[in-house]
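Here is a briefing on the fold, the cores and the ring contacts of one protein model. Keep the sequence and the 3D view open while reading.

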Amino acid sequence: MEPIRISPRISYLPASAPPLSADVGVITTSGAVWIFDVGSNDEALNLINSIKGERRIVLSHFHADHTANLQRLPLDKDKDKIYGGSFTRKKFADKADITVIDKDLYFDEGIHLFPIPSAHAKGCVGLETDGFAFVGDSTYCDVREGKAVYNAGQLQGLIKALKGLKAEKLLLSYEQPLECDREAEIIRLEEIYSLRKKDEPYIYPKRKITK
């Protein structure tokens with residue numbers, strides 16, 4: 001499997017199964033190569049190991065299909081820096097020093113890291129650059145007893161976070177194609193939020209709402 005290029009600086013290795021392994025984003029700048037998620041399969045591991053020089057690894061959240069390769073990666077504390085949410089940092093405290101993204105951070109050459117409220121997982125993180133925003137699984141629901149469920153407060157925060165981006169396109173894990181119109185995704189999420197009931201913290205969509 002070969003990486004797919006979507007802009008002069010951005011490419012990604014598509015998700016696969018088995019093992020379930022999320023898309024891995026690669027953004028090349030003059031100072032470093034940014035990697036969004038590390039996946040769990042050998043193809044992703046080999047791709048990341050082939051990157052020389054300064055590496056900046058961003059973990060969208062702690063789920064194994066996005067992070068398992070972190071345990072197998074040889075890390076250089078002088079060349080590799082890792083970013084993620086606070087819960088992700090706790091999960092990998094024995095492996096790596098992870099800088100927590102709990103507010104917007106801006107880096108050279110237009111790299112923007114930001115926290116994302118999400119029903120899917122605690123402490124999601126996104127990366128925005130060049131008109132695209134990698135957001136991992138953050139727009140997906142949680143599942144309880146086989147039913148889709150959204151925390152209303154988190155969903156409201158997610159919508160606000162997406163509205164605050166400049167990127168026209170979102171890059172959502174496992175989507176084919178990976179690119180999704182940001183405005184269309186906001187409309188989809190607002191449709192779900194409109195189903196909330198007064199004084200109930202959770203939203204259970206009564207019908208399937210697709211992307």
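The points below go from the sheet to the cores and then to the rings.

This is a predicted model, in which local features need pLDDT of at least 70, side-chain atom pairs count only at pLDDT 80 or more, and totals for chains, interfaces and linings use all residues. Residues are numbered from 1 along each chain as its sequence is written, and side-chain values use heavy atoms, with hydrogens and water left out. Helices (H or I, at least four residues) and strands (E, at least two) are DSSP runs, numbered from the N terminus.

**The sheet**

- Seven strands form an open sheet with mixed pairing, in the order S1-S2-S3-S4-S5-S6-S7. Two strands pair if DSSP finds at least two bridges between them.
- Strand S1 (4-5) and S7 are the edge strands, and each pairs on one side only.
- In a regular strand the side chains alternate between the two faces of the sheet.

- Strand S4 (residues 33-36) is covered on both faces. Val33 and Ile35 are buried on one side, Trp34 and Phe36 on the other. Buried means under 20% relative accessible area, exposed over 50%, and partly exposed in between (1.4 Å probe, protein chains only).
- Strand S3 (residues 24-28) runs antiparallel to S4, and four bridges join them. Threonine 28 has valine 33 as its bridge partner in S4.
- S3 and S4 form a hairpin, with four residues between them.
- S4 and S5 run parallel, joined by four bridges. Here valine 33 stands opposite arginine 55 in S5.
- From S4 the chain crosses through helix H1 (residues 42-49) to S5, and this β-α-β crossover is right-handed. A crossover is right-handed if, with the strands pointing away from the viewer, the path from the first strand over the helix to the second runs clockwise.

**Strand S6 and its partners**

- Four of the five residues of strand S6 (residues 80-84) are buried, so the strand is largely enclosed by the rest of the structure.
- Strand S5 (residues 55-58) pairs with S6 in the parallel sense over four bridges. Isoleucine 57 stands opposite isoleucine 82 in S6.
- S6 also pairs with strand S7 (residues 98-100) in the parallel sense, over three bridges. Glycine 84 stands opposite valine 100 in S7.
- S6, helix H3 (residues 86-91) and S7 make a right-handed β-α-β unit.

**The nonpolar cores**

- The largest nonpolar core has 26 residues, and Val135, Leu155 and Leu162 have the most contacts inside it. A nonpolar core is a set of buried Ala, Val, Leu, Ile, Met, Phe, Trp, Tyr and Cys residues joined through side-chain atoms within 4.5 Å.
- Strand S9 (111-116), strand S11 (132-136), helix H4 (152-163), strand S14 (169-172) and helix H5 (182-193) each give two or more residues to this core. H4 gives the most, with five residues.
- A second, separate core of 19 residues includes Ile35, Ala44, Ile82 and Ile98.
- Beyond its neighbours within four places in sequence, valine 135 is in contact with residues including Phe36, Phe114 and Leu162. Contact means heavy atoms within 4.5 Å.

**Rings**

- The model has five aromatic pairs. Rings of Phe, Tyr and Trp (its six-membered ring) pair if their centres lie within 6.5 Å; planes under 30 degrees apart count as stacked, over 60 as edge-to-face and the rest as tilted.
- Tryptophan 34 and tyrosine 83 have ring centres 5.7 Å apart and planes at 25°, so they are stacked. Tryptophan 34 lies in strand S4 and tyrosine 83 in strand S6, so the pair ties together parts that are 49 residues apart in sequence.
- Tryptophan 34 is buried at 5% relative accessible area, and tyrosine 83 is buried at 7%.
- Tyrosine 83 and phenylalanine 107 have ring centres 5.5 Å apart and planes at 70°, so this pair is edge-to-face.
- Phenylalanine 107 is partly exposed, with a relative accessible area of 26%.
- Ring pairs link Trp34, Tyr83 and Phe107 into a cluster.
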